[in-house]
Amino acid sequence: MKNVLFVCTGNICRSPIAEGLFRRLTGNRKDIEVASAGVHAVRGQPPSLYAVEVCAQEGTNISDLRSQPLTGVLVDQATHIFAMTGAHVETIQTLFPQSAEKTFLLREFEEPGTTVWRDVPDPIGLGREVYEDCASIIKNALPSVLAFVEQGELVRPGAPRSSEISYSMDHLSRQFEPGSNASTSAPCYGEVLRRVDPEIFDAIAAEEKRQRENIELIASENFTSRAVMEAQGSVMTNKYAEGYPRKRWYGGCENVDTAEQLAIDRAKRLFGCEHVNVQPHSGAQANMAVYFSMLKPGDKILAMNLAHGGHLTHEEVRPAMITAGASAYPRIIDFPRLRQIADSVGAILFIDMAHIAGLVAGGQHPSPMPHAQFVTTTTHKSLRGPRGGIVMCEEKFAKQIDATVFPGVQGGPLMHVIAAKAVCFHEALQPQFRDYQRQVVTNAKALAAGIGKHGYRIVSGGTDNHLMLVDLRPKEINGKEAQEVLDRAGITVNKNGIPFDTYPIFKPGGIRVGTPAVTTRGMKEEEMLEISDLIAEALQNRTDEAVLNRVRDKVRDLTRRFPLPS
Ligand SMILES: Cc1ncc(COP(=O)(O)O)c(C=O)c1O
């Protein structure tokens, strides 16, 4: 015997409509009992007039129903509870925790693709047409509800039981079925989030799908391991820990101290630095910490020209600091030479190795560490860790840097992110990380060769690292258009200015293409050539939607063969 309970607020509009329509659908079968209740219902109220009328129109009479509050007895009797809104689900589960595994949101049973809305809207006090809409939403979901109830499964296959729900993001590792619609598919992971905040759940699910299905060629992006995500999605987010390990302002910091000290020790081992501050929330903040520690207002900085990817100029300037580091420079940066130049003008050398940190850690690019007084990096690019930054420096600058990061430019550290940074450094210290970085560079060379073969100019003739700049002008396409066309084909790149660009900045002459993310998926040279063919096919046929769709299908085939890290 199944006992189905529909729940809304007052049990006079939505849930009696659901009860009536479900009775009609089941034909009053003896093996399924149906009832309805309200989380704030007053006992004994008749259904609202329009609710009765719209049900009558559907051939079912609910005028005899009377409202009842949701009680523990009703919850315990029910085998399945269907709530009208996410808020109802939350209330039911808060009041009756034992209901967690049998409570569902009604609209999740609508046909995939029907809607992005999760709640059956409350029609009370509104016109008849609103009741009609409401009845039609409920009616659409009921055949799946019935099928689900008939299955006899309390929990949908793949859905975690509440006892298994933890703070980890483990559920995110579950893959959707090919072709399923993430925003409306059955609950299969992140069960708690799904119930509490279905809109954010949907956005995350859709993003997971996008990352899984598309080819990611943005040079500054990567896919972290599940271990990194578990650390980042952990209880460490709850802890205030202003200060540094063993020197905190607040109590209860013994565990976050362990995490931060591990991150520090591992970063030192990974990069061979004397001092590291692992607290910067991002690369920009790490850089600000260096500037605010070392420069006075009015001091000059000599930096690499963005569009030229690092061409040193302005030699007449006597800078206090030389900053080097790039986001679109495909060649080895000569750190010893930069140090020589810095010393010759009495400047501090500061290297921002955000893009190449993974290559440095994996031995595929010379390290700036012995040459620069300050080195910063983000942790989320080729290093494949959580989104964040770190600052490294010689021991003699340690106090200044630490005081500038906190309390100078930041407040409490993000301890969950620092824990995830520690995991990232641990992974980067493993021998396989070197193999991964070697493949990143090999793949970049293969991709550059493949794209060049199709008649595009690779700036500087190739690449030594993880990225390349593609000059599209030989084919008279601008970077903005290329980015948009490739997006439609499921290939993600970013538009980028190129040295001596003749196109305007918002429609520049190039795109930047990088291989860290596709290499994380396990792709090799062969796939790089396949990708270069796909890029060329899409750009060549950029106004032909049918070709773009075909390319997109090939992209899907490729990404399906190379799953995201689990
Ligand atoms: C070389 C370089 N440094 C710093 C940053 C800034 O990092 P974040 O976005 O973490 O502030 C970037 C961003 O792409 C970068 O390319």
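The buried face of helix H9 is covered by several elements, including strand E8 (275-277), helix H12 (357-361), strand E13 (389-393) and helix H14 (415-428). Here helices (H or I, at least four residues) and strands (E, at least two) are DSSP runs, numbered from the N terminus. This is a predicted model, in which local features need pLDDT of at least 70 and side-chain atom pairs count only at pLDDT 80 or more, while totals for chains, interfaces and linings use all residues. Residues are numbered from 1 along each chain as its sequence is written.

The buried residues of H9 are Val-256, Ala-259, Glu-260, Ala-263, Ile-264, Arg-266, Ala-267, Leu-270 and Phe-271. A residue is called buried if 20 or more other C-beta atoms lie within 10 Å of its own, exposed if 12 or fewer, and partly exposed in between, with C-beta atoms placed from the backbone. Helix H9 runs over 18 residues (residues 254-271), and at 1.5 Å a residue it should span 26 Å; the end C-alpha atoms are 26 Å apart, so expectation and model agree. The expected span is 1.5 Å times one less than the number of residues in the helix. After H9 comes Gly-272, with a positive phi near 65 degrees.

Stepping back to the whole chain, there are 19 helices and 18 strands. The C-alpha atoms fill a box of roughly 95 × 60 × 45 Å along the principal axes. Of the 566 residues, 47% are buried.

A nonpolar core is a set of buried Ala, Val, Leu, Ile, Met, Phe, Trp, Tyr and Cys residues joined through C-beta atoms within 7 Å. The largest such core has 109 residues, and Val-391, Ile-491 and Ala-538 touch the most other members. Helix H14 supplies the largest share of this core, 10 residues. Domain 2 and domain 3 each contribute at least three residues to this core. Beyond its neighbours within four places in sequence, Ala-538 is in contact with Val-485, Leu-486, Ala-489, Ile-491, Leu-548 and Val-551. A second, separate core holds 46 residues, including Cys-8, Ala-37, Tyr-50 and Ile-137.

Turning to the ligand, the residues around it are Ser-220, Ser-282, Gly-283, Ala-284, Gly-325, Ser-327, Asp-352, Ala-354, His-355, Thr-378 and Gly-389. By class, the shell has 2 nonpolar, 8 polar and 1 charged residues.

A few backbone details are worth a look. Most residues other than glycine have a negative phi, and most peptide bonds are trans. Glu-476 has a positive phi near 55 degrees and lies in the loop between strand E15 (467-471) and helix H16 (479-488). With 8 other C-beta atoms within 10 Å, Glu-476 is exposed. Phe-500, also not a glycine, has a positive phi of about 55 degrees and sits in the loop between strand E17 (494-496) and strand E18 (510-514). Phe-500 counts as exposed because it has 10 C-beta neighbours inside 10 Å. The peptide bond from Phe-406 to Pro-407 is cis, with omega near 5 degrees, and Pro-407 has its place in helix H13 (residues 398-409).

Finally, Leu-564 lies in the segment after helix H19 (545-561) and counts as partly exposed, with 18 C-beta neighbours inside 10 Å. Leu-564 and Thr-224 are 340 residues apart in sequence, yet their C-alpha atoms are 9.2 Å apart. Not counting residues up to four places away in sequence, Leu-564 touches Gln-211, Arg-212, Phe-223 and Arg-521.

Methods:
Two residues are in contact if their C-beta atoms, placed from the backbone, lie within 7 Å. Domain bounds come from an automatic or database domain assignment. A residue is near a molecule or strand if its C-beta atom, placed from the backbone, lies within 6 Å of it. Ala, Val, Leu, Ile, Met, Phe, Trp, Tyr, Cys and Pro count as nonpolar, Asp, Glu, Lys and Arg as charged, and the others, Gly among them, as polar.
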